[in-house]
Structures are given as structure tokens and as C-alpha cells.
Amino acid sequence: MKALITGITGQDGYFLTQLLLSKGYEVYGVVRRNSARNLGTLQLLPEELRKEVGLLEGDVTDAAFVDRAVSQVKPDELYHLAAQSFVAYSFANPSSTYDINIGGTLNVVNAIRDSSPRTKLYFAGTSELFGKPEAVPQNESTPFRPRSPYGVSKLAGFWTVKVYREAYNVFASNGILFNHESEVRGPEFVTRKISLGVARIAKGSSEPLVLGNLSAVKDWGYAKDYVEGMWAMLQQEKPDDFVLGTGEAHTVREFATEAFRVAGIEIRWEGEGLNEVGVSGDGRVLVRVSKEFFRPLEADNFLADYSKARKVLGWRPKTSFKELVRIMVESDMKRGAKGAGVPRCPGGEVGHRPSGSQAGPQGKPRGHSRPPEALEAPIYGHQGLRRASGRVQACPVRKLRAPRVRGLPQGAGRDVGAEWEGVLPGEDKRRAEGRALLQGLPRPSPQRKGGYSGSTSRRGSSPIWRRR
Ligand code: NAP
Ligand code: F7E
């Protein structure tokens, strides 16, 4: 079985890649070029897994690229996870959010319809579709009323998938996933911001954690459980839409209280609104509230009714709220304890989106006051990771049978392929493999060395890629 994952360098891509490799899939992933040439969360996978993934370098907003990727790989399953996924950022940059989330999804469904109609598609829909929910809890029949440009863009994606399912008979399923978090969650999301802040304070920092709406109510689960539901949706006979969540709701305040408790710190809450503070037993203010982290509109009061997924898919969340908080806080405390091994944000604040985004926290331009954890945040999909690469500790994963991916040489990606035919200087072999696949070129080969056509000067510049 072959799977293509867009958004493979994000949180869900990290867990889905491991799940699919453990099931013996050939896995390909779309990666965006960025100046740091980093691979986001893929970089956190153990080397033996990472080297099994075929990389296709491109952007989902590029229709020609998406079509080439789908028609060349012809995946049995396509998981379309790529998105501008930060809700706060979507208020500041609705246009790019629409381009990626709507345009990218359209490119994916068109490519499947035109070039690989037997590919099964998973679309990453969201509880943000419900916005201000009419009913509690929410299931597949609850009306959608999105409350952010992100929610609106995902609504367009959701309906696009449904229309293509019905009009062209493609197997396309929508997941309506409630918040799911993990130890590799982007640091701009509130749960990770809290786990990083708690780890910093537990290590002795006296700077409080600064948050926004403490009363927002979310249904938080563990991302590792949710990717099993995505996979299960594509194993059904017919495409359909499914809610995945936990059926348990908590406020941001409760998440923070539990996170401090995991670190051995009991906090009590005093004051109201912007004056509310979280105070430790010895009277230190550990949490403050700032207007800066509020949104123009809030979507909350979320609670999932996942009974359809339980009945049809046999899916249920395995990780409790308390376990989730413990996993995240303990992971950040361990990373912190490793000191120099922890990749640092090179002066960027929490909320710095990987590759290209110019927004700071909550989608505001850079230069705003920085939450102190910014300076300590391990940033994934960020230049900080590249700078620290080689020293980054991969997250522990159970040992997996890592099948050799057809078409990718063993060891691909381990080193820079200057000696390989068809690999450009400075290029990773897996990227070269992906590029060759997309361009219809022969696979890079270790057999013949120095195979660039055209001259390279002694200083080694100007290789010319030759089409054969
Ligand atoms: P994430 O960590 O933000 O990852 C987003 C991924 O999309 C990254 O790999 C990113 O690549 C990629 N991407 C963004 N723009 C792209 C473009 N133009 N071309 C190609 N790739 C692009 O998100 P996540 O938490 O894993 O979520 C996965 C999906 O589920 C998203 O669609 C999200 O909206 C949806 N979702 C998430 C949740 C949740 O709670 N996590 C809930 C419901 C739905 P870079 O690394 O280059 O930025
Ligand atoms: O906010 C409140 C904030 O940014 C959660 C994405 O994966 O899940 C995610 O979207 C709540 C909101 O995630 C801060 O106002 C308080 O109510 O972690 P978040 P999100 O907006 O729920 C959905 C399902 C997706 O689909 C998205 O892709 O926390 N909050 N204080 C804060 N939020 C942030 N980020 N930072 C704060 O300081």
C-alpha cells in the first residue's frame, strides 16, 4: 500500500507517518522548501524511520505540482493534512489561509479526480466548523457556524470534498477532529505553550506564563490516538464524515492547573478577567493574562459526540486528559533538563510559524512583547531545529518494522549526495529521489559517480541538471 501525506512535517504528520510505516505502507510526504531546508517534525523521527519516507518538494497551492505528485505516486491513500492551521494567525492573514486551505484542497481533489481516481482521500476537517455551537455535544449533524477565517476555509474544504465525493464518485472522507495535542505540538498552540512555560518555571524561571482567554472550553485529546481514526476512515467500504474527540471538555485554566500539578506546583486562581492570576502556594504569580492573546472572535464550548466513529470505525480515544497533560509536561521537562541538546528559538517568539510566515504571537507582527518561554521553546519546523540538528533528541517511539521503500535506496537521505548521479550538491538524496520522480528523471544512482553533465569548476560550482 502506498500513502501520500501532505502536511507530513506537522504534528499529525509525525504520528501518521509512524502509524503507516508500522503497517508496512510505502510513505511519501510533501515538504515545502524553506531557507533552512529543515523537515519539521520529520526531523524528530528516528533515522531508521525517516530514511524510509519519500519526499516530494512542493507546495499544495501549486496545482501543477500537486497533480504531478498524485499522478506519479498514485497513492492508495492520500492524507491531506497540509494547512495554515493556527486560528489566531488566520485573523491576521485570512488571504494566505484561504489560498492554502481552500486552494490547496481544491488542487488535491482535482488531482485525484483527473489523475488517480482510485486514491482514497482523508481531509482534515475540524471542530472549528462548529464555531459557536448550536448544540452541546457536537456530532456530524450539528450545524456549522465557523467563527474564524480558518473555520471558514475548512468549511469550504469540507464541502469541496463532499461535492467531489458525490459528483465524481471519488472516495473522499472528512474527519471533523476536535483539538488534539502532543509533545510535538507547535509551540504557538495553547497546550504546548503551557507545557513549555511550566517546564521553564519548574526549572527556576521567575517569569510568569502569559495567556489569553482562560475560560475557553475545548475538548482536548492525544494526537497519536487521532491518526488511528484517520486511517480507519479510509479502511471503510464507503466514504463518510466522522467526528473524533474525547467527549470531555476542559478550560484553558484547568489545563494550566493540571500542567503545574504534574510539575509538582499547586496553583490557585485569584482576580477576574485581565486581572486574573495563577499563584503558587508560596505566593509567586506564575500565570498572567494579556489582551494580546485574545481573538477577535472565540470559538468554544466544544464537546465531541464521537458515537458514530465508535460504532462504525471501532475508534475511541485511549489517552485521558490527565495523561495527555502529563505526557506533554514531562516531555518538555526532560527536554529542558538536557540543556544544550534542546533546540532554541533563535530570538523568535512563540507563535513564529515555520517557513515564511511573518507573524508573531496570535498572528501579530513581530516586535510585540515576547512571552518568556519563547526564548526556551524547542521550535519544530523552524530554523532553530536546523541549527541544533544532530543534537536533537528524537522522541521515543516503539521499535517499528521499517520496510524498505521501493524506489528509495537504503540509506537515502543520510548524507549529501555530491557523489551520486542525479543528486545536486547540497541536496538530500530523498529530496533528489522525489524530484526525479516528479520530473520523470532516472532515479539517483550510487553506481556512477560525478554524473552531472556540464562542467563543474574546481571550486565545485555550477552543476547542470541533465534530462535524460
Ligand atoms: P500543523 O502542525 O500546523 O501542520 C501543518 C502542516 O501543513 C505542516 O506540515 C506544514 O508545513 C504544512 N503546510 C502548510 N502550508 C502548506 C503549503 N502551502 N504546502 C504544503 N504544506 C503546507 O497541523 P496539525 O496539528 O498537524 O494538523 C494537521 C491538519 O489537521 C491541519 O489541516 C489542521 O488544520 C487539521 N486539524 C488539526 C487539529 C488539531 O487539533 N491538531 C484539529 C482539527 C483539524 P511546514 O512545516 O512547512 O509549515
Ligand atoms: O487555542 C485559548 C484560545 O491556539 C485553544 C488548531 O489545531 O484546534 C486548534 O485551534 C484555545 C482558544 O487552538 C491562549 O483563545 C488562551 O480558545 O491552542 P489554540 P485552537 O484555536 O483551538 C482546532 C480544532 C484546529 O482545527 C486548529 O487547527 O486557547 N487561549 N490563551 C490561547 N490560545 C493560544 N494559542 N495562546 C494563548 O496564549
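The following legends describe close-up views of the two ligand sites in a predicted model.

**View 1. Residues surrounding ligand 1.** In this predicted model, ligand 1 is surrounded by 27 residues, and the closest are Thr9, Arg32, Leu81, Ser85 and Tyr150. Sorted by class, the shell around ligand 1 consists of 11 nonpolar, 10 polar and 6 charged residues.

**View 2. Polar contacts of ligand 1.** The side chain of Tyr150 places an N or O atom 2.6 Å from an oxygen atom of ligand 1. An N or O atom in the side chain of Arg32 is 2.8 Å from an oxygen atom of ligand 1. A nitrogen atom of ligand 1 has a polar side-chain atom of Arg185 at 3.2 Å. Ligand 1 taken alone exposes 900 Å², of which the protein buries 94%.

**View 3. Helices, strands and domains at ligand 1.** At least two residues of the shell around ligand 1 come from each of α1 (11–22), β5 (120–126) and α6 (149–168). Strand β5 gives the largest share of this shell, with 3 residues. At the level of domains, domain 1 (2–179 + 219–248 + 301–318) and domain 2 (184–217 + 250–295 + 320–399) each provide at least three residues of the shell around ligand 1.

**View 4. Residues surrounding ligand 2.** The shell around ligand 2 holds 24 residues, and the closest are Ser85, Thr126, Lys193, Arg295 and Glu298. By class, 10 residues of the shell around ligand 2 are nonpolar, 7 are polar and 7 are charged.

**View 5. Polar contacts of ligand 2.** The side chain of Thr126 has an N or O atom 2.7 Å from an oxygen atom of ligand 2. A polar backbone atom of Gly212 lies 2.8 Å from a nitrogen atom of ligand 2. Arg185 has a polar side-chain atom 2.9 Å from an oxygen atom of ligand 2. The protein buries 96% of the 700 Å² that ligand 2 exposes when taken alone.

Conventions. Residues are numbered from 1 along each chain as its sequence is written. Chains are lettered from A and ligands numbered from 1 in the order in which they are written. This is a predicted model: local features need pLDDT of at least 70, side-chain atom pairs count only at pLDDT 80 or more; totals for chains, interfaces and linings use all residues. Side-chain values use heavy atoms; hydrogens and water are left out. A residue is near a molecule or strand if one of its heavy atoms lies within 4 Å of it. A polar contact is a pair of N or O atoms within 3.5 Å; within protein, one must be able to donate a hydrogen and the other to accept it, and residues adjacent in sequence count only if both atoms are side-chain atoms. Accessible areas come from the Shrake-Rupley method with a 1.4 Å probe; for residues, only the protein chains shown count as cover. Ala, Val, Leu, Ile, Met, Phe, Trp, Tyr, Cys and Pro count as nonpolar, Asp, Glu, Lys and Arg as charged, and the others, Gly among them, as polar. Helices (H or I, at least four residues) and strands (E, at least two) are DSSP runs, numbered from the N terminus. Domain bounds come from an automatic or database domain assignment.
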